[in-house]
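Here are my notes on the model, point by point. Please read them with the structure open.

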Amino acid sequence: MTHAMLKGSNVPLEVTTVRAVVRWTPGQGVPDVDASALLLGPDGRVRSDEDFVFYNQPRHPSGKVWRLGKKRVAEGLTDTIQTDLTGVESGVGQILLVASAEDVTFDRVQGLRILLYDAAVADGEPLAYFDIKPETGRETALICGELYRRGEGWKFRALGEGYSDGLKGLAGDYGISVDESEAAAQDPAPEFSQPLPPEQPTTAVPPQPAYGYPQSPPPTQPAYGYPQPTSQPAYGYPQAPVTVSPDPDFRLPPQGPQFIGR
């Protein structure tokens, strides 16, 4: 019988190995979801960083909790954590089952559900499932539920508790050391180059006058048919006017019949 669970409810697990499947509906703009697990000691915190099973550390050193990875099924996409309950070390009292989305909020994730299966039964019906509804929609990590000891056995509790600062914030709350300098080195701030100014057309720049000295005026074009003086005037002195002596042999050409003597 499959138990449909509400937030805060719990169910006993009478199995030796449990498979916890996080499932969601893919689509445009829907982030990729990652499943992870934190093994907690009696004080409610991890004993070391090795108690964090996630995509960069997919198997616990004990070999009793591991990540199976992602899979596409008819109902959507899944990521799975499997636990051998009978082999979990006695110093571990809780195992948190977590879903996270890298820098994307869970209000974009549709159909988020965690399902528990008896890993010893192939293609069996789920033992229980819990539909996870983020409280604010701004969460980037969610504790879907927890496996916890009760006497000689284990139970599962549905939680749905969210973190807005992602998997890093959640892990830090339970004792995982996060190296901020290493995180900054792995994710450097983007560099922005300044745009070059638009290319200007090349123009000839006239020479600048030497300070305190007069400059020669630009050369003028000669009037057609008349000679021009070849030297420039001396600065500050009047120049003699240019005179042209009449040519004694110069005669005006005939001006038409009206000027011919009768």
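**Notes on the sheet, the cores and the helix**

1. Strand S8 and strand S11 (residues 141-150) run antiparallel, joined by seven bridges. Within this pairing, Leu 97 has Gly 145 of S11 as its bridge partner. Strands here are DSSP E runs of at least two residues and helices are H or I runs of at least four, numbered from the N terminus. Two strands pair if DSSP finds at least two bridges between them.

2. A word on the source. This is a predicted model, in which local features need pLDDT of at least 70 and side-chain atom pairs count only at pLDDT 80 or more, while totals for chains, interfaces and linings use all residues. Residues are numbered from 1 along each chain as its sequence is written, and side-chain values use heavy atoms, with hydrogens and water left out.

3. S8 also pairs with strand S4 (residues 33-40): eight bridges, antiparallel. Val 33 sits opposite Ala 101 of S8.

4. Both pairings belong to an open sheet of six strands, ordered S2-S12-S11-S8-S4-S5, with antiparallel pairing. Strand S2 (10-13) and strand S5 (52-53) are the edges, each pairing on one side only. S2 is joined to strand S12 (residues 153-163) by four bridges, again antiparallel. There, Asn 10 has Arg 157 as its bridge partner.

5. How many residues of S8 are buried? Seven of its eight are. Buried means under 20% relative accessible area, exposed over 50%, and partly exposed in between (1.4 Å probe, protein chains only).

6. Ser 100 lies in S8 (residues 94-101). It counts as buried because its relative accessibility is 5%. Beyond neighbours within four places in sequence, Ser 100 has contacts including Asp 32, Asp 34, Phe 106, Thr 140 and Leu 167. Contact means heavy atoms within 4.5 Å.

7. The largest nonpolar core has 37 residues; Val 22, Ile 95, Leu 97, Ile 114, Leu 147 and Phe 156 touch the most other members. Another core lies apart from it, with 16 residues, among them Leu 96, Leu 159, Leu 170 and Tyr 174. A nonpolar core is a set of buried Ala, Val, Leu, Ile, Met, Phe, Trp, Tyr and Cys residues joined through side-chain atoms within 4.5 Å.

8. Which residues of helix H1 (residues 166-173) are buried? They are Gly 166, Leu 167, Gly 169, Leu 170 and Ala 171. Their cover includes S4, S5, S8, S11 and S12. After H1 comes Gly 175, with a positive phi near 100 degrees.
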